[in-house]
Amino acid sequence: MQLKTMILASFLAFVMTACDKPPASSVSNESIEQVEQQTATTQPESVAEPVAENAAEVKAEEKPINNNEIQTLIDSTGRISIAVAGTFSVRDNEENEPPTTLFAQDQSNQAIVTVSSLGKLNGTPDEYFKKLSDIVKQQETDNPQQFSKTKVGIATNNRMNYRFMHNTENGETAEMCMAIIAGDDLYSVCANGENLSFDALNTYLQDVRIAG
């Protein structure tokens with residue numbers, strides 16, 4: 001799993017388990033785990049699009065997405081499915097590191113789509129999304145050399161979108177995520193990729209569904 005994905009997963013895990021604790025200042029070991037919510041759903045539900053990014057803000061060059069082939073990616077819990085355009089290879093579940101339940105890579109442009117299962121909701125959806133929003137924003141304040149261009153969308157009853165740039169040795173890597181509450185289970189769905197813009201990554205997250 002790439003470093004940026006590992007940082008995000010550990011961040012999400014922290015938020016979920018530390019619902020009653022104030023957010024710490026270090027992102028790498030304590031960040032996003034209380035990030036996702038939903039009221040219980042009885043039938044598959046389509047999830048809203050992530051936050052769009054102004055192309056003028058994005059330094060990375062966008063690579064085209066193969067729209068000729070549609071795949072449905074399903075995480076190992078069976079709760080989250082994603083319809084994507086591209087040529088994805090899916091990592092065997094036994095190779096995934098918890099909390100990852102799906103790791104798929106588009107062979108055409110190396111975009112990565114992940115799903116993480118973050119445990120049970122502790123508190124109300126409003127509290128969870130507020131906590132997540134604060135932590136996502138705080139990571140850029142605490143680590144401006146590592147995170148930039150952070151933006152958090154408006155939470156609905158069961159999801160919230162957010163995005164940021166993760167600075168690496170090779171430059172900026174865009175990351176777009178969706179925090180989901182499925183019943184009382186928390187999930188995050190993220191797409192990232194070097195040389196891909198937020199608009200390109202947004203395409204991968206336009207059809208995310210929750211199985212009841």
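Two strands count as paired if DSSP finds at least two bridges between them; strands here are DSSP runs of E, at least two residues long, numbered from the N terminus. In this predicted model, local features need pLDDT of at least 70 and side-chain atom pairs count only at pLDDT 80 or more, while totals for chains, interfaces and linings use all residues. Residues are numbered from 1 along each chain as its sequence is written, and side-chain values use heavy atoms, with hydrogens and water left out.

Now to the hairpin itself. Strand β2 (residues 70–74) and strand β3 (residues 80–85) run antiparallel and are joined by five bridges. Five residues sit between the two strands, and glycine 78 in the turn has a positive phi of about 80 degrees.

In a regular strand, side chains alternate between the two faces of the sheet. On β2, Gln71 and Leu73 make up the covered face, while Ile70, Thr72 and Ile74 are on the uncovered one.

## Rings with rings

Aromatic pairs are Phe, Tyr or Trp rings (six-membered ring for Trp) with centres within 6.5 Å; planes under 30 degrees apart are stacked, over 60 edge-to-face, and the rest tilted. There are three such pairs in the structure. One of them, tyrosine 128 with phenylalanine 129, is tilted, at 5.6 Å centre to centre and 50 degrees between the planes.

Phenylalanine 147 and phenylalanine 164 go edge-to-face, with 5.5 Å between centres and 75 degrees between planes. This pair ties together distant parts of the chain, 17 residues apart: phenylalanine 147 belongs to strand β7 (residues 147–152) and phenylalanine 164 to strand β8 (residues 159–168). Phenylalanine 147 and phenylalanine 164 are buried too.

## Arginines over rings

A charge sits over a ring when NZ of Lys or CZ of Arg is within 6 Å of the ring centre and within 35 degrees of the ring normal. Arginine 91 does this with phenylalanine 103, at 3.8 Å from the ring centre. Arginine 163 lies over the face of phenylalanine 198, at 4.6 Å.

## The disulfide

With a cut-off of 2.5 Å between cysteine sulfur atoms, the count is one disulfide. Cysteine 177 is joined to cysteine 190, S to S 2.1 Å. The link is right-handed, with 115 degrees about the S-S bond. Both cysteine 177 and cysteine 190 are buried.

Notes. Helix = DSSP H or I, 4+ residues; strand = E, 2+ residues; numbered from the N terminus. Buried < 20%, exposed > 50% of the residue type's maximum accessible area, 1.4 Å probe, protein only.
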